[in-house]
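I opened this notebook to look up the salt bridges of one model. The entries below record what I found.

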Amino acid sequence: MRYLSTRGAAPALPFEDVLLAGLAADGGLYLPESWPQFSAAELRGWAGLSYADLAIRVMAPFLGGSIPMADFERMVREAYAAFDHPAVVPLKQLEDRVWLMELFHGPTFAFKDLALQLVGRLYAHLLKKRGGRATIVGATSGDTGSAAIEACRDREAIEIFILHPEGRVSEVQRRQMTTVAAKNVHNIAIRGSFDDCQDLVKAMFADAKFRDAYSLGAVNSINWARIMAQIVYYVRAALLLGAPDRAVGFAVPTGNFGNVYAGYAAKRMGLPIERFHVGSNRNDILARLFRTGEMSVRPVEPSLSPSMDIQISSNLERLLFDLYDRDGKALAADMAGFRKTGTLNLTAARRARLDALFSGFRLDDAGTLAVIADLQKRTGEIVDPHSAIGVAAAREAAKSGAVPVVALATAHPAKFGDAVRQAVGREPALPSRLARIMTETERCKALPNDLAKVEAYIRETLP
Ligand SMILES: *Cc1c(COP(=O)(O)O)cnc(C)c1O
């Protein structure tokens, strides 16, 4: 198995190079040159497997022999043993044809753990094999930072530096990062905005001398291995609801399009998925794209679902690659135009293919609070604001559709206690692991928004 870049100008690479590289050299994203196929008999045989055993079978074809199977199996088992629910991703019925799959039972209570708990292990394993070290650098507005830290903590050969905007992440989110007592974990609070943090990280990667001297690496959402790990829970949900003999739909609260793209990959592999309902908050570039065929950038506005406050969904490029019949050159030209003008128009033929599989759904903050309140009243279930948008999209779809729709719950409600209190009048109980961090010692370095100072700090801090 080899991987192609969506922009067609970088060499095809095997799994391990794709994992370590993240972004392709031509600025594109990697994806497999062909989709492994699930047969109906294979799917039937997987119905009773544990989550880890299912994960091993779903992901094995993507490795292309890069990692010995025994090592891979061990890493998968360890990754999902770190979850605090025996089913890993429990599935609950909310209403007729509306289901909720909880993806937040990992160490940081957000769905990113499902991929990052495995990717951190794979990354460390491949570094060790190559005898190298890496300095993971990332910027976070909240959830990604803590999931990356938990994935990399205490790993030999990795040092991790996470930049967050000082005073602009919630106390729980900050403490999830700063209370991690591991020698290789370094938090930096930047006096600036999230965009400043992201620009600093980009500038470090663009500084070739610095990047090469310290072997900078990233585990951000464009990394193919994260998509690969996320395919598994789509298979799990579909099997529980009758695949391969019955079809399902999915409603996915979406930001960077990584989560829902993994579902699309599962569909391409032969899983009977009828449709994807893509949830957005007021930052609705995707909902507008699905409605009009035009992708046009507007300024990002803060909302109650901050992990979906995005302007450009980077993983959408992987889907576009297929809509462009894998013509990387044509896609690269249109992406360059999009970068320049902020607008990309799909041809009628491409738009029709998008329409066949994806619907957009938009919900503002007031609507989100109303869904949280209504669901709590009718079922007792409390969901976070991101998940609420997924539930609303699933309900809408179930009204007219015939297949069950699974809404993916992407964060534990306690991570967004403020919004939940606005909706139902009280905050959800903090799980004991989160309660503990509220009193633990924090470690964090405050720095100005200044590239030289941040690079100097990283240089001095590395062992
Ligand atoms: C990251 C995140 C999302 C968005 O996921 P994408 O893969 O970027 O589309 C949604 N909800 C929560 C809670 C998240 O942390």
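Entry 1, basis. I am working with a predicted model, in which local features need pLDDT of at least 70, side-chain atom pairs count only at pLDDT 80 or more, and totals for chains, interfaces and linings use all residues. Residues are numbered from 1 along each chain as its sequence is written, and side-chain values use heavy atoms, with hydrogens and water left out.

I took a salt bridge to be a side-chain nitrogen of Lys or Arg within 4 Å of a carboxyl oxygen of Asp or Glu. Under this rule I count 38 salt bridges.

R174 belongs to helix α7 (residues 171-178) and E442 to the loop between α19 (432-437) and β16 (445-448), so the pair ties together parts that are 268 residues apart in sequence. Helices (H or I, at least four residues) and strands (E, at least two) are DSSP runs, numbered from the N terminus.

I call a residue buried under 20% relative accessible area, exposed over 50%, and partly exposed in between (1.4 Å probe, protein chains only). E442 is partly exposed at 31%, and R174 is partly exposed at 26%.

E150 is buried at 18%, whereas R153 is partly exposed at 27%.

I find E16, D17, K129 and R130 linked in a network of salt bridges.
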